[in-house]
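Morning, everyone. I have one structure to walk through, and I'll keep it brief. Here it is.

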Amino acid sequence: MVLSRLRRGLARTRNRIAHTLRRLGGDTSAEDTLEALEELLYTADVGPLAAELLAEAEGALNRGRLAGPGELRGWLQERLAGLVAGPNDPAAPLALDGGPPAVLLVVGVNGSGKTTSVAKLTRWLQEQGRRPLVAAADTFRAAAVEQLTIWCERLGVELVRGAAGADPAAVVHDACAAARARGADVLVVDTAGRLHTQKNLMAELAKVARVAGRQVPGAPHETLLVLDATTGQNAVRQARMFGEIVPIDGVLLAKLDGSAKGGAVLAIGRELGTPVKFVGLGEGVEDLEVFDPAAFAAALLDPGGE
Ligand SMILES: Nc1nc2c(ncn2[C@@H]2O[C@H](COP(=O)(O)OP(=O)(O)OP(=O)(O)O)[C@@H](O)[C@H]2O)c(=O)[nH]1
Ligand SMILES: [Mg+2]
């Protein structure tokens, strides 16, 4: 089941790849094979990795290690799986031993999918037997708090919110105390994606992290950067920008289902050296999976099944 959601999510990217691969017959020349590979790598938006993979494929073809187009799929699947890191321990992708409460900070540019991902992560934590509490530290937009209130009601999880325009760091301060008082073991913090200026946003994030650290030693224990997979290479630039303000422990790649650029995962993971810990595969609260590089490569390239 788990794999099929990933496969469904990656259908658009996979179909484009499959279309290109189908053109290759047993008698396709090495040159045409490379051309097809080039086309599919650019289609999948793997970024600067494309040139690297093409050079490797050319070498492999010349040395006979890649016999022909028929082997291209398998070769590529193996290479892709090895390119991007997933969580060190797929059974425990987040470092949540600190606290209590362990503080999970969720950051990203506006519209990337943070609030939805906070809801998904909260539900995932509940499934892991955790007792999460949520902090609405995006006080910039009133609608943001409303959105999170609805999610938390559905999940049966308590939400700590401040008045509109309240200092987000103060909300996090109160939420740490609330989590302790109520025996919650993980505090999930939703943050703003936009303020009057980018400089303000970054200063605010830094303050939120600092205040959390004063309340709970070692907090934030885990900072996840939410990136929108449909933005492709743009996501890499965003990741760099956030990484300068708060140390990023992992990426949650949202909207992979809507993207024909599933290869962005590879570019992001490779260029940042940051593991992709989760992928978002839809708008529902259950549309979240721990990232598994091998399953990802298979879902991208393996034409079997639906
Ligand atoms: N298809 C799909 N849609 C998603 C996914 N994650 C989020 N969305 C949608 O993306 C839109 C923006 O999501 P939000 O969670 O509000 O994004 P945000 O980063 O909190 O936005 P701001 O608070 O404005 O910065 C919503 O319409 C979500 O339903 C996903 O994994 N797949
Ligand atoms: Mg939001």
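**The ligand shell, then the core**

Start with ligand 1. By class, its shell holds three nonpolar, 11 polar and seven charged residues. This is a predicted model, so keep that in mind throughout.

In total, 21 residues surround ligand 1. The closest are Gly113, Thr115, Thr116, Gly193 and Gly280. Which element gives the largest share of that shell? Helix α6, residues 114–127, with three residues.

Now the overall build. The chain has 12 helices and eight strands. Its C-alpha trace spans about 70 × 40 × 30 Å along the principal axes. What about the radius of gyration? The chain has 21 Å. A compact globule of 306 residues would be near 19 Å, so the two agree.

Burial next. Of the 306 residues, 47% count as buried.

On to the nonpolar core. The largest one has 93 residues. Those with the most contacts inside it are Leu104, Ala135, Val172, Leu187, Val189 and Leu253. Where does this core lie relative to the domains? Domain 1, 2–83, and domain 2, 102–290, both give residues to it, so the core lies between them.

Last, zoom in on Val189. Leaving out residues up to four places away in sequence, Val189 touches Val103, Leu104, Leu105, Val106, Ala135, Ala137 and Val172. Among those partners, Leu104, Ala135 and Val172 are also on the list of residues with the most contacts inside the core.

That's the tour.

Definitions and conventions
Residues numbered from 1 in each chain as written. Chains lettered and ligands numbered in written order. Predicted model: local features only at pLDDT ≥ 70, side-chain atom pairs only at ≥ 80, totals over all residues. Core = buried A, V, L, I, M, F, W, Y, C linked by C-beta atoms within 7 Å. Buried ≥ 20, exposed ≤ 12 C-beta atoms within 10 Å, placed from the backbone. Domains from an automatic or database assignment. Contact = placed C-beta atoms within 7 Å. Near = placed C-beta within 6 Å. Helix = DSSP H or I, 4+ residues; strand = E, 2+ residues; numbered from the N terminus. Nonpolar A, V, L, I, M, F, W, Y, C, P; charged D, E, K, R; others polar. Rg over C-alpha atoms; globule rule 2.2 N^0.38 Å.
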